[in-house]
Structures are given as structure tokens and as C-alpha cells.
Amino acid sequence: MKSYTEYLWLNVEKRRDYINITPQVEEALGKSGIKEGLCLVNTMHITASVFINDDENGLHKDFDKWLEKLAPHAPVSQYNHNLTGEDNGDAHLKRSVMGRETVVAVTKGKLDFGPWEQIFYGEFDGLRKKRVLVKIIGE
Ligand code: ZN
């Protein structure tokens, strides 16, 4: 069995954003040479997510509106977590809703997506560098 590991670095210039990282994951898959297997993609930060959905701008705005309704950023004093001096209590909750990782099957050297599926990095506490792990195993 072969194994390939790559770390993607992202520096999102907003507090929150939704970025299609499918091209970077496909590039990693190409470098791995793996034709049949599994591709894990996960954020390495507890205030960001990796998830699969549609690359449609209206939907991304809907996600953002919905997450802000569930866990508004302000007032920051509403979160016990922020008593530590941080201001990202909401980002931890948003990340938990959107998930830490995704796994995509690799078939004939390609990510085996359903219709419209793309891999996204969801940032909820940006303005700093963060990493995403891509781990591909198979033959
Ligand atoms: Zn925090």
C-alpha cells in the first residue's frame, strides 16, 4: 500500500470565508500516483472546517448567515471561552457544526465525487496562517 501526505497552507484575509480547495487536493492526488484508495482532508485547527458541498456563492452566503444565527461572533462576552482572553468562542462552535474533515474515495486516479461535490475550507477565525492535511492511501 502506498501513502502520501501533504500540508496545504492557507492565509485567509477575512475572519470568515469559504474556499474551494479541490484543485490543491487533486494536485496532491496526482503527485501521490495513487489510483485506488481513500483521500482524507482535514483542517489542523479548531476554528476552521473542511467539508464537501456545492461551489455556489449564494449557498456560501447562506452557510455564513445560518452559522452567524447559530453562534453570532458579537458580543464576544456571551461566550465562556472568551473569558480566556480570546474572541473566537463562536469560531469553535461554527467549526463543530461544519466538521473537521472529509474523506473522498479515489477511483481510477480521480476523486470520486457525486454531482456538484467540491471540497471546501471553512475559515471562522482567519487573518492568520493555517494548515490543512491531505493524506492519501491506496494502490
Ligand atoms: Zn479559542
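Which residues of H2 are buried? In this predicted model, where local features need pLDDT of at least 70, side-chain atom pairs count only at pLDDT 80 or more, and totals for chains, interfaces and linings use all residues, the buried ones are His60, Phe63, Asp64 and Leu67. Buried here means under 20% relative accessible area, with exposed over 50% and partly exposed in between (1.4 Å probe, protein chains only). Residues are numbered from 1 along each chain as its sequence is written, and side-chain values use heavy atoms, leaving out hydrogens and water.

Seen down the axis of H2, those buried residues fall within an arc of 95°, so they line one face of the helix; the arc is taken from the directions from the helix axis to the C-beta atoms. An α-helix has 3.6 residues a turn, so residues three or four places apart point the same way. Turned away from the buried side of H2 is a face with the exposed residues Lys61, Lys65 and Lys69. The cover over the buried residues includes strands S2 (17-20), S4 (48-53) and S7 (118-123), along with helix H3 (89-98). Helices (H or I, at least four residues) and strands (E, at least two) are DSSP runs, numbered from the N terminus, and contact means heavy atoms within 4.5 Å.

As for its dimensions, H2 (residues 57-70) has 14 residues and spans 20 Å from first C-alpha to last, close to the 20 Å expected at 1.5 Å a residue; the expected span is 1.5 Å times one less than the number of residues. At the start of H2, a side-chain oxygen of Glu56 comes to within 2.8 Å of the backbone nitrogen of Gly58.

Thr22 sits in helix H1 (residues 22-32) and, at 2% relative accessible area, is buried. Leaving aside residues up to four places away in sequence, Thr22 touches Leu111, Phe113, Gln118 and Ile119. Its side chain makes a polar contact with that of Asn20 at 2.6 Å, and a polar atom of the Thr22 side chain lies 2.8 Å from the backbone nitrogen of Ile119. A polar contact is a pair of N or O atoms within 3.5 Å; within protein, one must be able to donate a hydrogen and the other to accept it, and residues adjacent in sequence count only if both atoms are side-chain atoms.

Then there is the zinc ion, whose protein donors are His81 (NE2), Glu86 (OE), Asn88 (OD1) and His92 (NE2), at 2.1 to 2.6 Å. His81 is partly exposed at 29% relative accessibility.

Conventions:
Donors are N, O and S atoms within 2.8 Å of the metal (3.2 Å for Na, K and Ca); water is not among the atoms, so sites may look incomplete.
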